[in-house]
Amino acid sequence: MRIGELARRTGVSERALRYYEDQGLLRPERRPSGYRVYGDADVAAVRRIRTLLAAGLSTAQIVQVLPCVVDDEGVLVPGCPELVDELVRQSERIGAAIDELAATRANLDTIITAHRRAS
DNA sequence: TTTCTGACA
DNA sequence: TGTCAGAA
């Protein structure tokens, strides 16, 4: 199928699909016309890419992760142990970011409260 | 009509 | 990522 159909079947824009290729996430074949040709497997691949992206992984990480991830009714099961290691660190960084934001909000709320009481 | 590449009031 | 241009 060409990019238009893949876009419809995955709900991902053609622009994004070309971007994924630039990042090495997808490697469609090329027709002599230059048109990209995708296989049915790419529909699943795009879905995996989307969920990985939604999990906060960078395209660079996904390039390495993709080959070691296995299907399972929508849930992605990482196959490589090295990968799990990196994902754990990724999760820890998110946790740290959440803590920092919470602290920032606490400070902000203190200021807001002070303003209201002064008004 | 569809897709391609490159570029950005 | 959207979107527009200019070409195939």
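Guide: Buried means under 20% relative accessible area, exposed over 50%, and partly exposed in between (1.4 Å probe, protein chains only). This is a predicted model, where local features need pLDDT of at least 70, side-chain atom pairs count only at pLDDT 80 or more, and totals for chains, interfaces and linings use all residues. Residues are numbered from 1 along each chain as written, chains are lettered from A and ligands numbered from 1 in written order, and side-chain values use heavy atoms, without hydrogens or water.

Visitor: How far apart in space are isoleucine 94 and glycine 56?
Guide: In sequence, 38 residues separate isoleucine 94 from glycine 56. From C-alpha to C-alpha, the distance between them is 8.9 Å.

Visitor: Why are the buried residues of α1 on the same side?
Guide: The buried residues in α1 are Ile3, Leu6, Ala7 and Thr10. They share a side because the arc they cover around the axis, taken from the directions to the C-beta atoms, is only 100°.

Visitor: Which element gives the most to the surface near DNA strand B?
Guide: Around DNA strand B, with a heavy atom within 4 Å of it, are Arg2, Ile3, Gly4, Glu14, Arg15, Arg18, Arg30, Gly34, Tyr35 and Arg36. Two or more residues come from each of α1 (3–10) and α2 (14–22). With 3 residues, the element giving the most is α2.

Visitor: How much of what DNA strand B brings within 4 Å of the protein is sugar and phosphate?
Guide: The count is over the atoms of DNA strand B that come within 4 Å of the protein. Among those atoms, the share of sugar and phosphate is 85%.

Visitor: How far is a backbone N or O atom of glycine 4 from a phosphate oxygen of DNA strand B?
Guide: Here a polar contact is a pair of N or O atoms within 3.5 Å. A side-chain N or O atom of glutamate 14 is 3.3 Å from a phosphate oxygen of DNA strand B, and a polar side-chain atom of arginine 30 lies 3.1 Å from one. For the backbone atom of glycine 4, the distance is 2.8 Å.

Technical notes:
A polar contact is a pair of N or O atoms within 3.5 Å; within protein, one must be able to donate a hydrogen and the other to accept it, and residues adjacent in sequence count only if both atoms are side-chain atoms. Helices (H or I, at least four residues) and strands (E, at least two) are DSSP runs, numbered from the N terminus.
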